[in-house]
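I keep these entries as a record of what I looked up, in the order in which I looked it up. The structure comes first, and my notes follow.

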Amino acid sequence: MSGVAAAFLCSSRESRATVYDQLEYMLPKLALRGQAGVSVAAFTYTEGVRYAKAVHFSCGSVRIKHVEQDLKFRPHVAIAQIHSRCGGTGDVKPIRYSAGDSRNFAISLDGAVVNSRELRGELLAQGHRLGGSTDAELLLRWIEASCERDYWRHGLPVSYENVFRDIDDRIDGAISALFLDGQGNLVAYRNRSGLRPLETMQTDDGFLLFASENCAFAGLEGKTQQILPGHIKYVDGKTGYCVDRSVSNKRYKAKLCAYESLYLGNPKTSVEGQSHFETRYNIGVALGGLVAQRLQGEPVSAFTIVSAMPHTGGPYADGLFASLAEHGLFALRREVVATQFLHRTLIGTPGERKSRIAQKYRVSETSLAKTTIVIVDEALIRGDTSQAVTNMLLAAGAKAVHWAIGSPPIVAPNYYGMGIDTLEELAFWQIWKRLPPEQRTQSLRFHKMEPQVLKIIESNTAASISAATITYLPFPLLVSLLPGSQDGVDLSPFTFEMPTPAGQKRANRNLRELVADLPYSESIPA
């Protein structure tokens, strides 16, 4: 998980603002994509490329602090990377080459390359050195190799259209990237899968802006558009002349990752004219009807509290709370779980995550004696956070803790920037291993499993985290509530139908190893 943003000053006549001003305006709106800091690369013709950082998300603001304290440094173009963790994929960092400023590149990147091992092997076989392990460095080295082979050695100007066509043809994964070269040229690139969003805005006051989400442009005047899958937008560093180019052999439709709507994106970001807040609220309403039926069959205490998992569960909980009232169930809407810091606990090793979970969450109420708590969350991925929060609430006196999940069971890994790399770490598969063989086979229908099989999964998952019940959103309901058509959303977390060939091959291999003792495994492609 990460975010990208850029600002290019096309004309200084219309605005007194700087590119740093524009980045400082946009970056706080992308903060949900990562809280581990911001790196910046900026360019002027007199100073070349310089690097900066901004780590202050206090009071909803960001301030870019240049590494070299030079108040006269006023770049006309800058790109930024919002990190989900320090040193993670896609850092903006100096990547310098030996032949002068024209070969001084920087990149900010959202997403991940699935076939990175194969591409690294090719570069190493060609004699190129790779000093790091990030996908950002891999992409930069691939660009360098293409430029050297086809342009530099012949004294020719670089055609980034051809360079990125080669990249798009070779990469399997999800990439939205902003690339800055040593001549101040800017390239915005979204690969053909379209899983990670990339938006642009031509402002009325002379800026060309780029960002991972369109919420970054809220309050600005200008014309916005989406970078299409398999396209680049090239901005000439000297003239500001901007062109859109397709770099794919055929036209691809965006298949936006479901996590964008459910979890990753800012609630104010819109997709197909529908904000993430609306989507999440509507899911909460649909969940409320299911939870109401379940609570009516359960012993409920005098006080029922509906609470969200911060910081993304609020709209879900609001919708569920409103729905319970419509079904005649009285409840209080109150937050009983608070956080000590913003950093998400999704990414990291089990040990790192366990430590962060223990430090991050606390019970905000002094006493929850004899209360029934309904916690609303967008997804249950590994179950360790849910278990820790449940135990905290029970220790604070809650009579029962029920979980309402705004998505179906997560059954597949995600190799596209979400940090979910194996099946074994998912709560679904931890429960699956304990089921009788017949129920195992039935549950392998995933999003098509029968309702009674889903109830078995829910019951076993609830027991594993000490919860009274867990209610998942059924797959057909999710599809009906997401914006746009089903073929415009990557639903692989729930269907196991991966959006790219290398991703499917890798997932199938992982699945075959896990279900090797069942006849079903014979039908899984290699």
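How many helices and strands are there in the chain? I find 15 helices and 24 strands, where helices (H or I, at least four residues) and strands (E, at least two) are DSSP runs numbered from the N terminus.

**Entry: ground rules.** I note that this is a predicted model, in which local features need pLDDT of at least 70 and side-chain atom pairs count only at pLDDT 80 or more, while totals for chains, interfaces and linings use all residues. Residues are numbered from 1 along each chain as its sequence is written, and side-chain values use heavy atoms, with hydrogens and water left out.

**Entry: the chain as a whole.** Of the 526 residues of the chain, I see that 57% count as buried; buried means under 20% relative accessible area, exposed over 50%, and partly exposed in between, with a 1.4 Å probe and protein chains only. I also looked up contacts, meaning heavy atoms within 4.5 Å, and among those in the chain with a separation of 6 or more, 68% are between residues 24 or more positions apart.

Entry: I began with helix 3, which has 16 residues and reaches 22 Å from its first C-alpha to its last, close to the 22 Å expected at 1.5 Å a residue; the expected span is 1.5 Å times one less than the number of residues. Since 13 of the 16 residues of helix 3 are buried, this helix is largely enclosed by the rest of the structure.

Two packed helices are described by the angle between their axes and the distance between the axes. The axes are lines fitted to C-alpha atoms, for helices over the stretch in contact, and the angles run from 0 to 180 degrees between N-to-C directions. For helix 3 (residues 135-150) and helix 4 (residues 160-170), I read that the axes come within 10 Å and cross at roughly 130°. Helix 3 and helix 4 are therefore oblique to each other, given that angles under 35 degrees count as roughly parallel, over 145 as roughly antiparallel, 65 to 115 as roughly perpendicular and the rest as oblique. Helix 3 passes helix 4 in a right-handed crossing; a crossing is right-handed if the near helix is turned clockwise from the far one by less than a right angle, and left-handed if anticlockwise.

On the helix 3 side the contact is made by L139, W142, I143, S146, C147 and R149, and on the helix 4 side by V163, F164, D166, I167 and R170. Sorted by class, this contact has 7 nonpolar, 1 polar and 3 charged residues, where Ala, Val, Leu, Ile, Met, Phe, Trp, Tyr, Cys and Pro count as nonpolar, Asp, Glu, Lys and Arg as charged, and the others, Gly among them, as polar.

**Entry: helix 6 and helix 7.** Next I looked up helix 6 (residues 276-296) and helix 7 (residues 314-326), which pack at an angle of about 40° with their axes 6 Å apart. That makes helix 6 oblique to helix 7, and the crossing is right-handed. Residues of helix 6 that meet helix 7 include F277, R280, Y281 and G284, and those of helix 7 include P315, Y316 and D318. The residues of this contact divide into 12 nonpolar, 5 polar and 2 charged.

**Entry: E260.** Which residues does E260 touch, leaving aside its neighbours within four places in sequence? I list R33, L195, R196, P197, G265, H276 and R280. E260 itself is in helix 5 (residues 258-264), and it is buried, with a relative accessible area of 1%.

**Entry: S386 and I465.** S386 is found in helix 9 (residues 384-395) and is buried at a relative accessible area of 5%. Not counting residues up to four places away in sequence, S386 touches L380, W403 and I465. I465 lies in the loop between helix 12 (451-464) and strand 23 (469-472), and at 3% relative accessibility I465 counts as buried. I465 and G383 are 82 residues apart along the chain, yet their C-alpha atoms are separated by 7.0 Å.

**Entry: positive phi.** S466, in the loop between helix 12 and strand 23, has a phi near 70°, a positive value in a residue other than glycine, and at 36% relative accessibility it counts as partly exposed. Phi of E272 is near 55°, and at 64% relative accessibility E272 counts as exposed.
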